[in-house]
Amino acid sequence: MGSLSETSTTDSYCKPPGIRFVKYIKRSPISFRTHQSIVLIVTFLAYTCYHANRKTTSVVKSTLDPASSEVGLKFQSWRRGYLPSPLEARNFSGLLGSDSGWAPFNGSDGTELLADLDVAFLSMYALGMYCSGQLGDRTNLRILLTVGMIGTGLFTSLFGVAYWANIHKFYYFLIVQMVAGLFQSTGWPSVVAVVGNWFGKSKRGLIMGIWNAHTSVGNIVGSLIASAMLSYGWGWSFVVPGLIIAFMGVVVFLFLPVSPESVGADKDDDLNPPKKVGEEVTDPLLSADSEHKEQAVGFIQAWKIPGVAPFAFCLFFAKLVAYTFLYWLPYYLSHTAIDGEYLSSETAGDLSTLFDVGGVIGGILAGHISDRLNARAITAACFMYCAIPALFLYRCYGYVSLPVNITLMFITGIFVNGPYALITTAVSADLGTHASLKGNSRALATVTAIIDGTGSIGAALGPLLTGYISTESWGAVFWMLMGAALIAGLLLTRLIVAEVAAKIEESRARRSSVPAVEV
């Protein structure tokens, strides 16, 4: 975050223009709760747009390369369309675009070229995440987020411009995707840092669990928009989401308050009760008089914060599992006989959204449970361990019938996406305001970037490995995913022991404080 002046004149200047305008119209201060609502709504919509833009490529793949074995999501009405074989299912791609595809992706190596774009995007996204975290703790998060969203919109649109400009050079698409990945990396550290600034730890898990639904909502909305635009030309599938996120970037610039201090908001007593004697500093809402003394935490220093490294490497494996489903689930559904029949690509795309719906439920459950237990590591590890039998059952019994497949897919989504959502939101915000920082809030973006950046490396690796392993055996793919889930849980063992020890000590202290009853 950028430094905030102590003078009222500068504070007024730092307020977003939209907030100042609303305050002028109301002729009265905006309440703390209203500011919190604005933060949740604006950041939710902002990251929904990020994920909507991220999904467009997977939707258009089958149009760029109609013969590709990678099936994109094509949302139509909910219906059951069976085809006798997966090969015939792929022919449905011609309905949404030219049968000849788009050079250079319609050649014999089209699938590999499209996979290269995915890996290039995710690799630059992971690399950019580390840089964005450092920028976020040293600059104004509102400006960083605005620049990132407008840049994302520009380069997403430039991919689509190739349709009208008749561009067929692979390196054009590669460079556009790489730069788009860099701009996309500004989103997550920024929105998590802003939300972390406004909400204390006591309810952070539940609030962020609900708020994190933007990931699944963005995936679904992006697929709907891109699919609808294909009939007008695949270029529009990129340009329309690009224009939407650019517009939302302007909304962020006008209305997003990055912290209570930046808008002079008073902290309500019921939302921020006084800290008890001996209680650790966990509330990220700092007093204004300490703001000017803060210095942004360095990259290496942020890695040394207790818990950052274990959760970062845990997310590496958790995101490997989650993103493998994100990129390959529609393909798997359309190429696996369910009750002796093969689903069409449209139906497979529709059904795959139930995994995201399960992810929304899982994120909310994980956040709520971790709040009630005050144990993030225990909750995340339990979900990862539960994901192992869920993955096993889905692979072994998902073919029995469509209802069984849907049920097991939904359950798998709960346990796979639950810890992923918890770690990238509440855990990142907790560690960014860790007691070892002594109240310094200028580590939120860096810590968030380290955790999610490390996870994004796994997100790039999972789909890449699946592309190779699936040619030999889908069973081997699921064993890889189960192994990754197991490692993710084991990486939190040390933190789990510490949380259990803290619970035992707390229980003993509570019992010793109870006065003995005289007989």
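Biologist: What is the relative accessible area of D339?
Modeller: D339 has a relative accessible area of 47%, so it counts as partly exposed; buried stands for under 20%, exposed for over 50%, and partly exposed for what lies in between, with a 1.4 Å probe and protein chains only. This is a predicted model, in which local features need pLDDT of at least 70 and side-chain atom pairs count only at pLDDT 80 or more, while totals for chains, interfaces and linings use all residues. Residues are numbered from 1 along each chain as its sequence is written, and side-chain values use heavy atoms, with hydrogens and water left out.

Biologist: Where is the place of D339, and what is its phi?
Modeller: D339 is in the loop between α14 and β2, where helices (H or I, at least four residues) and strands (E, at least two) are DSSP runs numbered from the N terminus. The phi of D339 is positive, about 55°, although D339 is not a glycine. Most residues other than glycine have a negative phi, and most peptide bonds are trans.

Biologist: Which other non-glycine residue has a positive phi of about 55°?
Modeller: R27 has one, and its place is in the loop between α2 and α3 (32–64). R27 counts as exposed because its relative accessible area is 68%.

Biologist: And which peptide bond is cis?
Modeller: The bond from A103 to P104 is cis, with omega near 10°, and P104 belongs to the loop between α4 (86–90) and α5 (110–136).

Biologist: What does Q184 touch?
Modeller: Not counting residues up to four places away in sequence, Q184 touches Y50, N53, R54, F121, Y125 and T152. The side chain of Q184 also makes a polar contact with the side chain of R54, at 2.9 Å. A polar contact is a pair of N or O atoms within 3.5 Å; within protein, one must be able to donate a hydrogen and the other to accept it, and residues adjacent in sequence count only if both atoms are side-chain atoms. Q184 lies in helix α7 (residues 170–184), and it counts as buried because its relative accessible area is 1%.

Biologist: New topic: which residues form the nonpolar patch on the surface?
Modeller: F21, V22, Y24, I25, I143, V147, I150, V250, F253, L254 and F255 form it, with about 930 Å² of accessible area together; such areas come from the Shrake-Rupley method with a 1.4 Å probe, and for residues only the protein chains shown count as cover. Patches are made of residues with over 30% relative accessible area and no salt bridge, where like charges are joined within 9 Å and nonpolar side chains (Val, Leu, Ile, Met, Phe, Trp, Tyr) within 5 Å. A salt bridge is a side-chain nitrogen of Lys or Arg within 4 Å of a carboxyl oxygen of Asp or Glu.

Biologist: Which helices supply at least two residues each?
Modeller: α2 (17–26), α6 (141–165) and α11 (236–255) do. F21 is in helix α2, and it counts as exposed because its relative accessible area is 52%.

Biologist: What span should helix α10 have, and what caps α19?
Modeller: The 16 residues of α10 (residues 214–229) should span 22 Å at 1.5 Å a residue, and its end C-alpha atoms are 22 Å apart, which agrees; the expected span is 1.5 Å times one less than the number of residues. The N-terminal end of α19 is capped by S473, with a side-chain oxygen 3.1 Å from the backbone nitrogen of G475. Helix α19 (residues 474–490) has 17 residues and reaches 25 Å from first to last C-alpha, close to the expected 24 Å. Its buried residues include W474, F478 and M482.

Biologist: And how many helices and strands are in the chain?
Modeller: The chain has 20 helices and 2 strands, and 56% of its 519 residues count as buried.

Terms used. Contact means heavy atoms within 4.5 Å.
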